[in-house]
Amino acid sequence: MIDFRVGFGYDSHRLEIGRKLFIGGIEIPFHKGAVAHSDGDALIHAICDALLGAAGLQDIGTHFPDNDDQYKNIDSKRLLVKTKDLILQRQWTINNIDATVVLEEPRLSPFKEHIKRCLADLLGVDGDRIAIKAKSNEKMGDIGRGEGVAAFAAVTIGKQ
Ligand code: MG
């Protein structure tokens, strides 16, 4: 019998002029970036929360508290690898990840393949198990005004 789990994650960060913008482990050239304790990579944070949730391991803030100095300005790719290790230690296999980034600008379509490959390499899964979608917010609300970025992720994991 296969134990099969679904996880869901959400994250958002404010954007400010003069900061770096990281999405899915890739630095995106833009004049604004995320305000955060870490590097503010909302996509990776949403994926971490989805993986942890699926495995019944609470959330990213439990494992990597934002008041802990060892995580200050941390590269979120390291958080993703640490999360993967927690999942694999419990014999889970990552089946697939389906994620959406909501960002008014810049358009992420030129970066989606690069993001997918980066995440697949970090997680040790085939690229066809990861889907990255990007949407604008159609100029509505805070994200529509370019004040922030949000990401949603659904994952499935399984074990024998
Ligand atoms: Mg975050």
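Predicted model: local features only at pLDDT ≥ 70, side-chain atom pairs only at ≥ 80, totals over all residues.
1. Since Tyr10 belongs to strand S1 (residues 3–17) and Phe152 to strand S7 (residues 148–159), the pair ties together parts of the chain that are 142 residues apart in sequence. Tyr10 is partly exposed at 39% relative accessibility, and Phe152 is also partly exposed, with a relative accessible area of 34%.

2. For Phe64 and Tyr71, the ring centres lie 5.4 Å apart and the planes meet at 75 degrees, which is over the 60 degrees required, so the pair is edge-to-face.

3. Ring pairs also link Phe8 with Tyr10 and Phe152, and these residues form a cluster.

4. A further ring, that of Trp92, has the charged end of Lys159 sitting over it, at 4.4 Å from the ring centre.

5. His45, which is found in helix H1 (residues 42–54), has a relative accessibility of 8% and therefore counts as buried. Its side chain is joined to that of Ser38 by a polar contact of 3.4 Å. When neighbours within four places in sequence are left aside, the residues in contact with His45 include Asp11, His13, Asp39, Ile60 and Leu79, as well as Ser38 itself.

Terms used:
Residues numbered from 1 in each chain as written. Heavy atoms only, no water. Helix = DSSP H or I, 4+ residues; strand = E, 2+ residues; numbered from the N terminus. Buried < 20%, exposed > 50% of the residue type's maximum accessible area, 1.4 Å probe, protein only. Polar contact = N/O pair within 3.5 Å; in protein donor to acceptor, adjacent residues only side chain to side chain. Contact = heavy atoms within 4.5 Å. Phe/Tyr/Trp six-rings, centres within 6.5 Å; stacked < 30°, edge-to-face > 60°. Lys NZ or Arg CZ within 6 Å of the ring centre and 35° of its normal.
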